[in-house]
Each structure stands twice: as C-alpha cells, then as structure tokens.
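Student: I've got a structure open and I'd like to zoom in on one spot before I try the rest. Could you take a close look with me and then walk me outwards from there?

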Amino acid sequence: MEMLWFWIVSVMVAIYSVMDGFDFGAGILHLFVARSNEERRQVLAAIGPLWDGNEVWLLAGGGAMFMAFPKVLASGFSGFYLAMFLVLWCLALRGISIEFRSHVGDVMWRAFWDLVFAVASILLPVLLGAAIGNVIRGVPLDATGYFNIPLFTDFTAGNPVGILDWYTVLTGVLVLVTLTGHGAAFLAWKTDGPVQARCLKAALPLWGAVAVLWAAATLATAQVAPAVFQGWAQSPLAWLGTVIYLAGLAAVFLGFRARKHLLAFLGSSAFILGLLAASAASVWPVMLRSTLNPDWNLTARNASVAAAGLQKGFVWWSIGFLIVLGYFAMLFRLFRGKVRAAAEGEGY
Amino acid sequence: MGDPLFWHRLQFGFTATFHYIFPQLTMGLAFLIAVFKGLGLRQGNERFNDAARFWIRILGISFAVGVVTGIPLEFQFGTDWARFSTYSGGVIGQTLGMEGMFAFFLESSFLGLLVWGEKRFGPRLHFLAAVALFAGSWLSGYFIVATDAFMQHPVGYALAANGTLQLASFWGFVLNPWAIIQYLHTMMGAVVTGSFVVAAVGAYWVLRGIHPGPAALNLKAGVLAGLVASLLVAMPTGDLQGKLVARHQPLTLAAMEGRFQSGPRAGMNVIGQPNVAAHRLDNPIRLPGVLSFIAYGSFSADVKGLDAFPQDQWPTSIEPLYYSFHIMVGLGTLFIALMGLSALLLHKALQPQRWLLWILMLAFPFPFIANTAGWMTTELGRQPWLLYGLMRTSEGSSQLVHGGETVFTLLGFMGLYLVLGLLFLMLIGREVAHGPVPSHNEH
C-alpha cells in the first residue's frame, strides 16, 4: 500500500509537470513568439481553458501526499520554507496575470501583465527543478525528521547545503529549458500562423540544449548522489522510464522534422514523464534523503499513515481520478483543434 | 513578539482572513448564478441570462483571487505547522486530499466554460457549467469546514503507537456532526454576502437611474435571497452552532460572552467591555436569561463562567473573541431587520424609497465583516488548543523555522495582498460602472 501511494504521488507530480509544464513554456515563450496583442491572446487562448485545471494537479498531488505521507510534507515544506513561499508568490502572480490581463484594454496594463506572466513562468520551473535536485541530493534531516535550510550557502553540494547550489541550479535550468521546449511543442500543435512559425524555429535549438543539459545533469547526479545512481542501475522500473524518455526525445526531433506537431508534443510529454518516473524509481523508497545519517531518511515506509487511512484514501482517490480523466477528456474535446485569435471579449 | 509562534499565528490568521473575503462572495454568487441560469433556461427569458452574465464576470475576478490566496493556506499546513501536520495528517489528510480530487478539479474544469463558453457551447452546457461551479465551490467549502470541525471537535480518530492520530472511522470523521452544522451556518453566511452584493449593485443602478431592467431584477433577487439567507444563518443554523459550542466547548462560550462568574439565569450581553484582569465585564447592558435560553433552551439554566475552569485553559485572546462574537450576532440581527424591511417596502411600493436604496447600497461590506467575525469567533474560541483537547497551538508549529523567515514571508504577503486587494476593488468597480453586458452586443 505504501508503494502504491508512493507511485500515486509520483504520477500526480509527473502529470502536473507535463500539464502545467506547457503553461510555463507558453508563458516563457509568449514574449518572443507572440508580438502583437492578437498573437498574445492566441497564446493565452491556447492555455486559457486548461491552465487552472493543470495547476490543480499540484494541489491534488500535495493533498495526496498530505493524506499518505504527512511527515514528508511537513518536513519538506518547513525545511524548504523560503523556497516554498517563492513558489507560492510566483503561482499567485502567474494566475493573476492571466486572469486580470483581459479585463482592461489599455496597452500598458497588458504589457505589464505579460511581463509578470513571463517572469513568474521562468522562476517557477527553476524553483521546481531545484526542488527535484534537492530531493536527489539530500537534505540535513536530523533525528526528529525535520530540517531547515537557507536559500543558498556556498553553492557547493556538500554540507551545509542550501536550496540553491551548482547541482540544484543545474537541475533547475534543465527543467526550465525542457519546459520551454515543451511549451514550444504545445504551441506548435495548438496554434497556426506566425506564432507557430516562431515556435518551430525555436524548437530544435531548445531541444538540442535539453539533450546537452540532460547529459550534464546525469553525470552530475552520478557524482553528487551516487546512491541514487546505483538505485537507477538496479531498478527495472527506472530502466523502463529511461527507455520512455529516450524514445520521447527521439520522437520530439522526429516530430519537428516531419512537421508532425502532435507527435513532437507527445514526445516531449513522454520525455518529462519518463525522466520523472526514472528518478522516482531510482530514489524508492526514500522520499527525503538525510545527508547526515541514512537512518534518518524519510521513506515511504516510515513516513506513511496507518494502513486503514491508505486503504480508505485509495477508494476515494480511484473514484476521483476517473472523474478527473472525464473532465480533461471533455475539455480537450471541447477545445480541440487550432486556436485562432478570438474576437475581443470572447477569450483572453 | 520575539516568539516565532506569534508570527506563525499572525501569518496564518492574516492570509486566511484575507482569503475568505473571496470564497464567501464566490460561493454566494455561484449559488445565485446557478439560480439565474436555471430560471433563464426554464422561462426562456433573456433578462435572467443578462443578470447571470454580469455576475459571472464578477465571479471570474473573485474566483481568481480566491484561488491564488487559497493555495498559500494549504501550503502553510506544511511550512508553518509541521508538527501539527505530522500529528494529524493521518486524519485531516483525507478531507484535504478529497478537496483536491473532488472540488478543485470540478471548479477549474468548468470555470473556463462558464466564463468564456456561453456563445460557443449554448445555453444547456452553460447552465451545466454554472451548476458544476456551484457544486464544486460548495463541496470545497465542506471539505475545509470538515477539517476545521475536526480541530474543534475531534471524532473518528485513534491514537497510534508512534504518537500520531490515525483514521479510525472514515464516515465518523467526514460526517462529524459539528462539520454539518458549521457548514450549513457558513454557507448561509456566504449566501448573505452574495445577495447583499447583488442587492447593493441593483440599488446603485436604480439610484443612478441606469440599466432599469437589470437594476430591478438584481434588487429583487438580492433582497429576497438576502432575507431568506439572513433568517437561515440565525435560525436554525446559528442557534444549533451555539448549542454545539455550549455542549462541547463550555469554556469558549463563557469567554465569547465575557461571562466570568458561573450561575443560573445567564444574561446575554448586548454591549460591554471585558476586563480580563479584573474578571468582570465593564458597562454591561444585559438581556436577562437569554444566554441560558440560547445555550440550553431554558431561561433559568445554569451557564458556567470562566471561573469554573483553570486559567491556563482559558482562550488566549478573550477580548477579540468577545468582540468578534458580538459583532457577528449584532450584524446578523441587523441583516434580518434590513432585509425584512426592504422586502416589505419593495413589495408594497412600486417605486422604492431612495433612503432605503442608499442603505442597501452601502450595506454590502457588512456581511464580509460578519463572516470574518464568525471565523474569528470559531478560531479564537478554539485557543489555546490547535486540536481541541489534543494538541495546544504552541505544540503544533514548525520548530526549525525561525522568526526571520516567518516575518519575511508575512511582510511579503502583506505587500502582495495589498496590491491584489486594490486591483480587485478597481476591477470590480469598473465592471459595476460598466454595467450589464447584453448578449447581442457581446464585446
């Protein structure tokens, strides 16, 4: 049951990364690929009906973690205190910038919110990527199972660690560039005209950078967290994840070459899912690794709630998950096809 | 102020109080919009759809601010109240997890359809989206109130060997009687807010002499819904809530009323200032026997005062608790009077009185104050406990988070929320000044 919930939480985080990932990518890219107000609104219309629901995967994933592994949530959130609030403020600014922009027609008003949207969309992937880096590198959990670290110390990956060091900044940049490429794939699929053309132009260099950064991050992980690297070598699931993300990467390049935009988007989604699945399989069962003493690790086994709670939770979670799949199928169907810039007042 | 606990409490209190301005409006409006859309579909009358379209624009803004200010509350369970989350997550994780799966996805999936989909998807799907948003926001309210109810009156749990709380009875916990009563009371409070806002906008347009059709409809709908909700928030829901507190938290009741001495025929204080150091209420104006009646259904019933309990268990902030409760009850009484009078006069006279319209227009902030005061009563009344009888507030905070971090993030929230609040008022003001958007001229 603990293993099941470990994977439920991991899958929800992975879905969040894929779904909100293209919102971040669109937010980063829109300043460059969409120049006029009509083009900006075309980008917003592409993510408009979806972004709010996409963000819920983060909240629901957090809720699932609270339900199954409250100790991990309590320890991680209080340990990464300042970074958590930076994430919160960026999420707030991102949501407000999308919703408030359309309510006033003024040029300066819109330019301001476009910039806020882009800055928040850049900072969020870096912070979330750094969070993944922290989980892989480990944190100074003490015997009580808590820790608290500053935003940065000396940028080395050794104790005393900070949230940002060379390794976690590297994973942050990897996630930033990946989600930018993911956003380019999404917009190439969902838009047409100049926006699509500019996305296609940016896509190949972006995904080339992803490949380089992925290789660098993999080598760095072998050095910073050898235990995780060994876990990867020994886990069949991690190998499966690796196959998926390598196939995804190949599909991205193939898709862009062959002008099959949906294939490229599915490929970039598979790359993100596979990479996260491989990472989760490599750290299992550790959820937060102690840099001080391996006995103080928080694992899916020692940090989970009692079996009764996990079982009850699984019943409602399964029902809820099926309903949610229905919502998303409905949304993608209702808003299928290319988005074109809508008349003022009818969309974003 | 040197104690980190003070800052944790202030941050949660501030962010929660600011947040709740928006959901009470959203939940109230979501109900009224669903009613408007239902009437529009049934009667085929465009004026209901016109009214709904205007309020959906207001709802969209309010919902967005509600979402971004709500997320920090969920996060703060982990960041600021780590020991509480570890201790109680085995139970309250259930409702918080369900809120995400059953309420948030429902709301977020249909909000876009509601705000942008009227023309594209037709009246039936648009009505469905209105109902879905109503259901989602009211479901979300239930999960949060059920979580709070567990903190007020813990049921359905067992203490595990590792010293944490674990789920013993799922339905016992989810259907906590405290949750059901508090939920009905809270939701009626939200409808009061929504209907006062609708009535205020209607009154403003009538006074200005603009948009005569929508103005009259909003005025009528707001006053009617406002009267019904103002009555229901007092009787039976508020009354039942009071009896629940009297039964399970007699100490809280004594502090809410500023009652320092025990005894029979307890009076209800209309006004007065609690002097905690001297253990008495200064300048009291009292309705004799009323508190006994409200709490136990008999004018002569014995009601315990603060003196019946050890002082280290008294709520830590008796003065604000006392005032919150009295502001809530006082305003609630005035709401019934105002809406009752308005309904009567609007019904009798075809041309409504201008002085009354002025009052209705200016009354809209007060339900926000009453709802806030209600939550203050609930949460201050729970002190010194975080989980009533199980965990004190001082035992629940994150120990390793230092004051330098909490003050930093609190100041950040204050700045961000000041800007958000001003932008919200500006955008709502623009919408009200702009008026309703007819369907044939959508732009």
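This is a predicted model: local features need pLDDT of at least 70, side-chain atom pairs count only at pLDDT 80 or more; totals for chains, interfaces and linings use all residues.

Student: Let's start at Ser36(A): is it buried or exposed, and how many C-beta neighbours does it have inside 10 Å?

Tutor: Now to your residue. Ser36(A) has 11 C-beta neighbours inside 10 Å, so it counts as exposed. The cut-off behind that is 12 or fewer for exposed, while buried takes 20 or more. As for where it sits, Ser36(A) belongs to the loop that links helix H1 (2–33) to helix H2 (37–47) in chain A. If you jump 180 residues along the chain you reach Ala216(A), and the C-alpha atoms of Ser36(A) and Ala216(A) are separated by 37 Å.

Now step into helix H2 of chain A, where you'll find Ala45(A). Ala45(A) has 20 C-beta neighbours inside 10 Å, so this one counts as buried.

Two other loop residues in chain A are worth a click. Phe155(A) is in the loop between helix H6 (107–137) and helix H7 (166–190). Its phi is positive, about 65°, although Phe155(A) is not a glycine. With 13 other C-beta atoms within 10 Å, Phe155(A) is partly exposed. Then go to the loop between helix H10 (236–258) and helix H11 (261–283) of chain A, where Arg259(A) is found. Arg259(A) isn't a glycine either, and its phi is positive at about 60°. Because it has 10 C-beta neighbours inside 10 Å, Arg259(A) counts as exposed.

Next, look at where the two chains meet. Chain A puts 53 residues into the contact, and chain B puts in 52. On the chain A side, helix H3 (51–68), helix H4 (70–79), helix H5 (81–101) and helix H12 (307–334) each supply at least two of the residues that touch chain B. H5(A) gives the largest share, with twelve residues. Sorted by class, this side of chain A has 32 nonpolar residues, 15 polar ones and six charged ones.

Let's cross over to chain B and look at how some helices pack. As a rule, two packed helices are described by the angle between their axes and the distance between the axes. Take helix H6 (residues 177–208) and helix H7 (residues 212–248) of chain B: they pack at about 155°, and their axes are 7 Å apart. That angle makes H6(B) roughly antiparallel to H7(B), since anything over 145 degrees gets that label. The crossing of H6(B) and H7(B) is left-handed. In the contact of H6(B) with H7(B) there are 24 nonpolar residues, twelve polar ones and no charged ones.

H7(B) also meets helix H2 (residues 46–79) of chain B, with the axes coming within 10 Å and crossing at roughly 80°. That makes H2(B) roughly perpendicular to H7(B). You can pick out the residues yourself: from H2(B) come Arg47(B), Asp50(B), Ala51(B) and Phe54(B), and they meet Gly213(B), Pro214(B), Leu217(B) and Asn218(B) of H7(B). By class, the contact of H2(B) with H7(B) has four nonpolar, two polar and two charged residues.

While you're on H7(B), find Pro236(B), which is part of that helix. The peptide bond between Met235(B) and Pro236(B) is cis, with omega about 5°. There's a cis bond between Gln383(B) and Pro384(B) too, also with omega about 5°. Pro384(B), though, is in a loop, the one between helix H12 (365–382) and strand S7 (385–387) of chain B.

One more helix residue in chain B is Gly330(B), which lies in helix H10 (residues 318–348). Gly330(B) has 14 C-beta neighbours inside 10 Å, so it counts as partly exposed. Val270(B) is 60 residues away along the chain, and the two C-alpha atoms are separated by 8.1 Å.

Finally, the core. In soluble globular proteins, nonpolar side chains tend to be buried together. Here, the largest nonpolar core holds 265 residues, and those touching the most other members are Leu187(A), Ile33(B), Trp55(B) and Ala200(B).

Methods
Residues are numbered from 1 along each chain as its sequence is written. Chains are lettered from A and ligands numbered from 1 in the order in which they are written. Two residues are in contact if their C-beta atoms, placed from the backbone, lie within 7 Å. Helices (H or I, at least four residues) and strands (E, at least two) are DSSP runs, numbered from the N terminus. Ala, Val, Leu, Ile, Met, Phe, Trp, Tyr, Cys and Pro count as nonpolar, Asp, Glu, Lys and Arg as charged, and the others, Gly among them, as polar. Axes are lines fitted to C-alpha atoms, for helices over the stretch in contact, and angles run from 0 to 180 degrees between N-to-C directions. Angles under 35 degrees count as roughly parallel, over 145 as roughly antiparallel, 65 to 115 as roughly perpendicular and the rest as oblique. A crossing is left-handed if the near helix is turned anticlockwise from the far one by less than a right angle, and right-handed if clockwise. A nonpolar core is a set of buried Ala, Val, Leu, Ile, Met, Phe, Trp, Tyr and Cys residues joined through C-beta atoms within 7 Å.
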